[in-house]
Structures are given as structure tokens and as C-alpha cells.
Amino acid sequence: MRELLGGKGANLAEMANLGLPVPPGFTISTAACTHFYAAGRTHAEDLRGQVEAALEQVGKQAGRVFGDAQNPLLVSVRSGARASMPGMMDTVLNLGLNDVTVEALAKSSGDARFALDSYRRFIQMYCNVVLDIDHHNFEEILEDYKESKGFVLDTDLAADDWRKVVAQFKDKVLAVSGKPFPQDPNAQLWGAIDAVFSSWMNQRAITYRRLNDIPASWGTAVNVQAMVFGNMGDTSATGVAFTRNPSTGAHELYGEFLINAQGEDVVAGIRTPQNISESARIKANSDKPSMEKLLPDAYHEFIRTTELLERHYRDMQDMEFTIERGKLWMLQTRGGKRTAKAAIRIAVEMAQEGLITQKEAVSRIDASSLDQLLHPTLDPKASRTLIASGLPASPGAACGEITFSSDEAEALKTAGHKVILVRVETSPEDIHGMHAAEGILTTRGGMTSHAAVVARGMGKPCVSGVGSIRVDYANGTMNVGGKVFRKGDILTLDGSTGQVLEGAVPMVQPELSGEFATLMQWADQIRRMKVRTNADTPNDARAAREFGAEGIGLCRTEHMFFEGERILAVREMILADSEAGRRAALAKLLPMQRGDFAQLFEIMSGLPVTIRLLDPPLHEFLPHTEAEIAEVAKAMNTDVQRLKRRAVELHEFNPMLGFRGVRLAVAFPEIAEMQARAIFEGAIAAGKATGKLVTPEIMIPLVMTGAEFTDVKARIVAMAEAVAKESGVTLPYHIGTMIELPRAALRAGEIAKDAEFFSFGTNDLTQTTLGISRDDAASFLGTYVAKGILPQDPFVTLDQEGVGELVAMAVTRGRATRRDMKMGICGEHGGDPASIAFCERTGLDYVSCSPFRVPIARLAAAQAVLGSKGSGLA
């Protein structure tokens with residue numbers, strides 16, 4: 001019932017049904033949240049009565065009465081959306097405390113210090129969440145008080161100290177808000193419920209939903225639960241744990257706890273937590289005792305509970321617990337956020353353990369998250385200048401300039417800089433800065449702090465709890481070991497070891513093996529579509545082969561011409577005003593192209609290679625500076641003025657829709673002839689070198705009519721015959737086209753009479769269908785997505801209703817003419833999981849994407865067969 005109760009509420013109910021120790025409570029459903037917003041932030045008439053009845057029931061189970069002066073029931077009020085959104089929305093603990101009930105709590109617990117500590121926490125949390133009084137107001141009071149008394153830790157304060165702090169807190173509330181702190185428990189409760197509902201629309205929650213594709217319409221539930229206290233002395237504790245390591249996936253309990261603390265102490269990073277198990281303590285080289293040692297009975301019950309929960313949910317769990325005077329209470333369980341590396345290891349090992357099937361393992365991995373695995377780590381051979389060490393909170397390596405502000409991190413990223421976000425601790429307000437940064441460094445906080453959990457979900461390297469660094473926000477500096485680093489200085493983070501390094505350290509490409517290979521093998525057995533790569537260089541082609549590409553779906557020949565002598569020869573060809581001049585330039589390009597194609601054919605060793613004929617927007621190749629014009633004039637043995645006039649003649653107002661693609665081949669057939677010769681001769685050479693039969697696929701771009709295609713095809717066929725005659729080698733080959741104009745999709749049946757395959761160039765098809773220039777769309781597409789006018793950026797995820805309909809139509813019409821016609825997609829959408837699912841439904845034979853997205857496409861193609869989109873685990 002996750003949709004109605006939210007993830008937290010559903011899991012609490014499930015744990016209660018399993019007979020686990022869960023404090024009594026109730027859930028106000030997501031439907032109430034939806035009503036709250038639809039009715040102008042007001043509640044349904046019958047909600048108040050239902051809440052009162054539920055509170056009474058909880059009180060009976062807990063043996064207490066809400067608001068009672070002698071025996072008060074205290075509650076926690078927490079958000080709980082359908083999808084896990086750690087730290088994004090609001091929580092209030094110890095609700096129901098006031099000047100009267102705090103004395104009752106002190107009496108019933110026999111511990112005035114605990115009661116007053118709970119009260120000051122409640123005031124601070126309630127003010128921050130409900131009254132919008134920032135918690136730093138209270139932190140300052142507490143720090144000043146501790147300093148005046150010579151205290152270091154919060155636990156140093158006695159009951160009388162807390163009484164004085166509480167009085168100062170209440171004075172601050174009155175000074176800032178003009179009203180005394182609310183004493184009526186019912187008013188407190190409804191204030192907190194409204195605040196939790198309102199937090200669904202706070203800026204950090206909106207940002208998190210946008211980054212994680214969570215619809216605003218889902219709303220959040222509110223969970224009201226009887227309080228249990230981890231701050232009732234040395235036999236009480238609170239902690240957070242995962243049933244497996246969320247960074248590596250290792251099958252070991254991973255977590256932290258604090259004695260005599262409440263839940264927010266662990267995740268806020270104010271005190272550095274202790275290890276739960278003795279083995280983890282030894283591994284971490286910690287001198288602080290483990291929970292296993294301090295609270296052995298509660299520890300063994302907790303271990304039994306974690307094993308039961310993982311078996312029940314058949315997934316790695318992220319749990320929160322409290323121990324109140326030796327008794328274990330479970331406060332939450334949910335599917336744990338994890339790195340891509342951990343997700344793969346966990347899924348593969350759970351399948352091998354028989355907990356889940358291989359198909360479930362494949363469907364559980366968010367295909368897009370594989371991106372995290374395909375990025376560099378630090379070169380182990382490189383020299384490192386270590387300046388500090390912290391906790392390895394999120395793996396991977398990152399390098400960039402220091403920034404201390406999330407807003408600045410976002411601005412610098414937009415300006416093209418790579419940044420490392422350095423904070424004392426991150427809060428949910430920092431989410432935009434964390435998203436913009438290459439990596440995150442915090443001086444406080446543990447492995448389950450906000451920074452650690454969010455960074456792992458984003459796939460960003462993070463080093464947390466680097467206590468030796470002192471950050472000075474006001475002066476924009478960080479001080480470590482007597483050395484000062486300023487904003488803009490370069491740091492490197494190693495999130496896998498927790499090292500902070502001075503300067504830029506070289507990185508190495510990732511090695512993919514072990515569980516990754518196993519998962520890919522399972523995915524390859526399931527998927528129907530082939531996965532090719534878009535590759536224009538030998539390096540791209542080799543990388544793609546290593547990632548499992550099954551051929552090249554798009555080789556853009558114009559990308560081979562942007563260097564040295566080549567661009568000079570291309571400029572000569574474009575600027576020549578006669579066929580003889582063009583042929584002279586093409587003669588220089590022929591051996592270069594032949595060598596290029598031979599290399600690609602050799603690397604692909606008999607796998608299909610689709611080569612697109614020249615399709616440059618001419619302006620990209622034209623000389624622009626005086627020096628460039630002079631250089632081309634010299635090479636062409638012509639005068640500069642004549643060349644300038646020719647350049648003016650060729651200038652285009654809208655090059656994207658200008659003289660390019662098939663239009664070049666129709667007007668200047670000698671260009672297509674040179675490229676066809678280079679392809680056939682390169683294929684023959686590669687065939688001899690590898691002993692594998694090469695079958696080139698030649699693609700004619702930007703076709704809008706069957707007549708254009710037929711005209712250029714005839715030139716290619718004639719060249720194939722000429723090369724066969726000269727070499728004595730006859731090669732099989734295919735000639736097809738790229739469907740990237742709406743008219744071509746509409747007339748696909750006619751074009752298929754002569755074309756042997758279609759490849760959908762969805763980048764240009766999106767531009768020409770939507771009338772949006774990809775290069776200029778950034779200024780307004782973000783607004784369109786934010787306002788819900790478009791569901792996603794159509795250049796990232798295929799517009800399935802518009803562009804998708806044209807693709808589906810072209811598939812149907814093309815195959816009506818040529819029944820088994822091979823069809824694929826070669827735009828950037830070929831590496832996007834949602835677009836790949838569309839390709840599967842539409843019956844395409846392959847997708848083609850950039851080399852580093854090949855593993856993503858392989859997994860997404862398998863998930864498309866399974867009808868799965870992954871579980872959203874990051």
C-alpha cells in the first residue's frame with residue numbers, strides 16, 4: 001500500500017505485521033496530502049476526528065495519554081513519500097512536550113537531564129520545521145553556553161544546564177517570532193502535520209524530485225508514532241544500518257550508532273558515530289567500543305531482525321533503530337540507496353544465493369546508474385600529496401576547484417568549471433550544489449550522514465568526517481595542518497579511500513569485471529535488440545568493443561576531418577568552384593579516408609559497420625580568420641579575395657537546414673564517389689588483414705525523397721563495381737538511409753523500394769519535428785520541463801508522442817514495402833533507457849549510442865524485454 005501510505009508508513013505496517021518491535025503509531029495518507037493542496041492548504045473535515053481517535057488508540061497501546069499533565073504520550077511526526085527521499089522533507093521528534101509535560105517526563109523516567117535534553121531538541125526542531133526559525137539561532141546559544149562553562153560535548157551538560165538553555169531557547173523564539181513557544185500539544189501536532197505536508201513543496205524536495213523523476217502529484221504521507229528514546233542514558237542508543245555495504249555491496253552489516261542520543265544526532269554528523277559490529281570497529285581502526293560490545297543482547301536481536309527483513313523484502317535494507325534502556329525498537333526499513341557498483345554486486349549475489357532470480361537481478365539495476373562505473377578512478381601509480389583523510393563515503397575520484405557555497409558551485413558549473421564542494425556538513429538545502437559538483441568534502445558526519453547518502457545516490461565521490469580540516473566560510477578558506485587553501489585552489493578526492501589530495505591527480509579508466517560481467521551476460525541472454533556504437537575514431541571503436549558493442553551503427557565521416565592537413569583538404573574541396581578543383585582536393589582525402597575505414601573495419605572484425613556519407617553543415621569547415629583564409633588560398637594556389645568571395649557565396653543563414661547531407665552528394669557526386677571508393681577499398685584491405693568478411697553498410701543522410709536516394713545510390717553501386725573490377729574482390733554491401741526529416745518518415749514506404757535499411761537519426765528528427773534547435777534550446781527547455789509543458793528534455797529522452805509516432809509510422813510503412821528491413825536508431829537517444837524501451841516496443845533491430853553508454857544500452861534493452869524500468873535504486 002506504498003501509494004497510499006508512502007514508503008515509510010507501508011514498511012512500518014509491514015514490520016508490525018512481521019511481529020517486530022515497532023512503536024505504535026498511525027499514518028495520515030498521501031490522499032490527505034493531495035486534498036491539502038487541492039483545497040488551498042486546508043484539511044478534509046473528518047481528518048481531525050480520525051487523528052484524535054488514532055492518537056487515543058496509540059496512547060492505549062503505549063499506556064499514556066496525549067497532552068496529559070501526569071502521564072503524557074510523546075510522538076514523532078515524520079514525512080514518508082512513495083519514493084525514498086532521504087533528508088528532503090521534515091521530521092519533528094518529542095512532540096507533546098511543554099513546560100508541564102517535561103516535568104512529568106522527568107518524574108516518570110527518573111532522569112530530569114534526559115527530559116530537558118528532549119525538550120530543548122523539540123523546541124529547536126519544531127522552530128526550524130514549523131515556525132521557520134533557523135536552527136543556527138539555537139546552535140549559537142548552545143555553543144556559547146558550552147564555551148562559558150568549559151564544556152566540549154552536549155553530553156557534558158547536566159539537568160540544570162539544560163533548564164537554562166531551554167529558557168534561553170524560549171526567549172529566542174519570542175524575540176524572533178513575537179510569540180511564545182506553543183504549549184498546547186494539539187496545536188503543536190497540527191502545526192507539525194501542516195509543516196510535513198508543506199515540506200512536499202519546499203525547494204529542496206522539488207529539486208530532488210526533478211533530479212530523480214518523482215511526480216509532484218504523488219504527495220507525501222505523515223507518520224505519527226509514539227516516541228521511544230535513545231537518549232535515556234548509557235543503556236540507550238540510536239543508529240542507522242544497512243544489511244549490506246551500500247558502497248561496495250559486500251555482504252556485511254554496515255552502520256553506525258551513538259549511545260545516549262536521538263536519531264538526528266547520527267545523520268546530522270554533530271557527533272562522530274561508533275561502529276555497530278566488533279569486526280567493523282577493528283576494520284575502521286576505531287578505539288570507540290562497538291554496539292556488539294556495549295549492548296550485546298540488543299545487538300544480537302538487531303542482527304536477527306536485519307536478516308529477517310532482508311529475506312522478507314528480498315533486497316538490501318536501510319534501517320533506523322533506537323534502543324531504549326536495553327530494548328530494541330525498529331523505526332524504519334526501506335530499500336537502501338546504493339552505488340551502482342554495490343547495486344550490481346548485491347543483485348548478482350542475491351541471485352546466486354537464490355533470494356531472487358537472474359531476471360529480477362537484471363531488472364533491479366537502474367541502467368542509467370551504470371554511468372557511475374564507467375568513469376575514472378585515481379591512477380595508483382600517480383604521486384599523491386595527501387593533506388587529510390576522512391571516511392570513504394561514496395566511491396570514485398573527482399578533481400576540481402574548491403568552492404564553499406552550493407549556489408556558487410551551481411554558477412561555476414554553468415560557466416564550465418569543475419568544482420569540489422567543501423562544507424562543514426551538507427544539509428538538504430545543498431542538493432543543487434552537490435549535483436553541480438564533481439565531488440563533495442565534509443569535515444563532519446559519518447558514512448550515513450546526509451552528504452554520504454545523497455552523494456552515493458548521485459554517483460558522486462564523497463569524503464566525509466575530515467575532522468582535521470577547519471573551514472572558514474566568511475574568508476573562503478580551509479585550513480589543514482597549518483596550510484591554507486582558498487576558493488579556486490585545486491583538490492582531488494578519492495571517495496574509495498577517503499583521501500583528500502592537493503592539486504590534480506591523474507586518473508585511470510575503470511576496469512569492468514566480476515559481477516558486472518555476470519550481470520551483462522544475463523542481460524545479453526535476455527535482450528532481443530543488438531547494441532552498436534557511434535564511433536568515428538579507432539579509440540572510440542576500441543572502447544566500445546571493450547564495453548560489448550556489436551558493431552558501429554554510425555560513423556560520422558565529417559568528424560574525421562577536423563585536424564591538420566585534413567581540414568585544409570576539406571576546405572579546398574568545399575571552396576573549389578569547379579569539378580576539377582574538387583577532384584584534386586578529394587584525391588588528397590582518398591588515402592586518409594581509406595586508412596580510416598580500414599582501421600574501423602579491422603577493429604570491428606567482421607561486425608557490421610554503418611558509415612554515413614559526408615554530412616557537414618558547411619559553416620563548420622569554412623575558414624573564418626584571415627590567417628585561415630590565407631592558408632587555404634596558398635594551398636589552392638589562388639588569391640585571397642577570390643576565396644573570400646567564394647566563402648560569401650557559400651554562407652548560409654540556417655546551415656542545419658542548408659546545403660548538407662544527400663544534397664552535397666546530388667550536387668557534387670564526386671564527393672560520394674570518393675567516399676564509396678575509400679569504403680570499398682578499406683573493406684577489402686581489412687578483410688585481408690583480419691581474414692573476416694567485411695560487409696560495409698553505407699548510409700545516405702538527410703534524404704527527403706526516394707528520387708534523391710536513388711540518384712546517389714546509383715553512384716555508389718557504380719563505384720562498387722569499379723573497385724571489384726580493379727581489385728578482383730567482390731564484397732557484399734548494403735545501402736540505406738538515415739530517417740531524420742518528417743517527410744522521410746511519411747514517405748518511408750517509397751524510400752524503402754531502394755533503401756535496404758533505415759537508421760533513425762533522432763537528434764535531427766527531433767529538431768525538424770519540434771522546430772527546436774538543439775544548440776539554442778537550453779535557454780527555454782528547462783522552463784518547459786519545470787512547468788510540465790514537456791515531460792523531459794526531448795533531446796535526452798525521445799518525444800514518444802510526436803517524434804516517436806513518426807518513427808513507428810516509418811517502421812510500419814518501410815516494412816510494408818521491404819518485409820525484413822533492418823532498422824535501428826543512432827541518435828543520442830540510443831543510450832537513454834526510456835527511449836530504448838520505446839525502440840523495443842516499436843520493433844527496431846538495434847540501438848546505437850556513444851561508447852560509454854553501450855553497457856547502459858545492453859542492460860536497458862534487456863529490461864525493455866522484461867518490461868522493467870529498474871527499481872530506481874541509485
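By class, how many nonpolar, polar and charged residues does the lining of the largest cavity have? The structure examined here is a predicted model, in which local features require a pLDDT of at least 70 and side-chain atom pairs count only at pLDDT 80 or more, whereas totals for chains, interfaces and linings use all residues. Residues are numbered from 1 along each chain as its sequence is written, and side-chain values use heavy atoms, with hydrogens and water left out.

The structure holds three cavities of 30 Å³ or more, a cavity being a set of points on a 1 Å grid over the protein atoms alone where a 1.4 Å probe fits but cannot get out. Grid points are joined across faces, edges and corners, and a volume is the space filled by probe spheres set on the points. The lining comprises seven nonpolar, seven polar and one charged residues, where Ala, Val, Leu, Ile, Met, Phe, Trp, Tyr, Cys and Pro count as nonpolar, Asp, Glu, Lys and Arg as charged, and the others, Gly among them, as polar.

In one, five strands follow the order β9-β8-β7-β10-β11 with antiparallel pairing, two strands being taken as paired if DSSP finds at least two bridges between them. Because β9 (274-275) and β11 (327-335) stand at the edges with a single partner strand each, one side of each is left without a neighbour in the sheet. Strand β10 (residues 317-324) pairs with β11 in the antiparallel sense over eight bridges, and Thr322 has Trp329 in β11 as its bridge partner.

The other sheet consists of three strands in the order β19-β20-β21, again with antiparallel pairing. Its edge strands, β19 (469-472) and β21 (483-486), each pair on one side only, and neighbouring strands are turned by 25° against each other on average, direction ignored; the axes are lines fitted to C-alpha atoms, and angles run from 0 to 180 degrees between N-to-C directions. Four bridges join β19 to β20 (residues 477-480), with Val471 opposite Met478 in β20. Four bridges likewise join β20 to β21, where Thr477 stands opposite Arg486. These two strands, β20 and β21, form a hairpin with two residues between them, and Gly481 in the turn has a positive phi of about 55°.

With regard to cysteines, the structure holds zero disulfides, a disulfide being a pair of cysteine sulfur atoms within 2.5 Å. The sulfur of Cys555 lies 11 Å from the closest cysteine sulfur, that of Cys826, and is therefore too far away for a bond. Cys555 is buried, with a relative accessible area of 0%, and Cys33 also counts as buried at 0% relative accessibility; buried denotes under 20% relative accessible area, exposed over 50% and partly exposed in between, for a 1.4 Å probe and protein chains only. Val422, which is located in strand β16 (residues 419-423), is likewise buried, with a relative accessible area of 0%. The C-alpha atom of Val422 is separated by 8.8 Å from that of Gly439, 17 residues apart along the chain.

Notes. On a 1 Å grid over the protein atoms alone, a cavity is a set of points where a 1.4 Å probe fits but cannot get out, and a pocket is an open set with protein on both sides within 12 Å along at least five of seven lines; lining residues have an atom within 4 Å of a point.
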